[in-house]
Amino acid sequence: MISDYIRAAMKRTQFERLRDGTVYGNIPGFEGVWANARTETACRRQLREVLEEWILLGLKLNHPLPVVEDIDLNSVLKEV
């Protein structure tokens, strides 16, 4: 389920080429989840790592996570 959540969140990724030629990426609705790299591929890879760490930290601290494509990790974790 977490893999599905990550895939769904990554579909929301927005990229922007900055003046210095690097690529900035973020995921709307996921505050603080962003990456910056030389290429879009590298940025996407880095962004996925940041997202994974952000989810783990959120779970550890019991922070509410956004619902993505009807995947609600909050309700699933309450059942465990």
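The legends below describe close-up views of a predicted model.

**View 1. The three-stranded sheet.**
Strands E1, E2 and E3 form an open sheet in the order E1-E2-E3, and their pairing is antiparallel. Strand E1 covers residues 14–17 and strand E3 covers 34–37; these two stand at the edges with a single partner strand each, so one side of each has no neighbour in the sheet. On average, and with direction ignored, neighbouring strands here are turned by 20 degrees against each other.

**View 2. The pairing of E1 with E2.**
Strand E2 consists of residues 23–26 and pairs with E1 in the antiparallel sense. How many bridges join E1 and E2? The pairing runs over four bridges. Arg17 stands opposite Val23, a residue of E2.

**View 3. Helix H2 against the sheet.**
Helix H2, residues 40–60, packs on the sheet and touches E1, E2 and E3. The direction of H2 makes about 150 degrees with that of E3. H2 has 21 residues, and the distance from its first C-alpha to its last is 30 Å. This reach is close to the 30 Å expected at 1.5 Å a residue.

Which residues of H2 are buried? They are Cys43, Leu47, Leu51, Ile55 and Gly58. Seen down the axis of H2, the buried residues fall within an arc of 105 degrees, so they line one face of the helix. An α-helix has 3.6 residues a turn, so residues three or four places apart point the same way. The face of H2 turned away from the buried side carries exposed residues, namely Thr41, Glu53, Leu56 and Lys60.

**View 4. Asn62, after the end of H2.**
Asn62 follows H2 and is placed in the loop between H2 and helix H3, which covers residues 73–79. Is Asn62 buried or exposed? Asn62 has a relative accessible area of 67%, and the cut-off for an exposed residue is over 50%, so Asn62 counts as exposed. Most residues other than glycine have a negative phi. Asn62 is not a glycine, yet its phi is positive, at about 60 degrees.

**View 5. Glu69, in the loop between H2 and H3.**
Where is Glu69 placed? Glu69 lies in the loop between H2 and H3. Its phi is near 45 degrees, a positive value in a residue other than glycine.

Notes:
Residues numbered from 1 in each chain as written. Predicted model: local features only at pLDDT ≥ 70, side-chain atom pairs only at ≥ 80, totals over all residues. Heavy atoms only, no water. Pairing = 2+ DSSP bridges. Axes fitted to C-alpha atoms, helices over the stretch in contact; angles between N-to-C directions. Contact = heavy atoms within 4.5 Å. Expected span 1.5 Å × (residues − 1). Buried < 20%, exposed > 50% of the residue type's maximum accessible area, 1.4 Å probe, protein only. Arc of directions from axis to C-beta.
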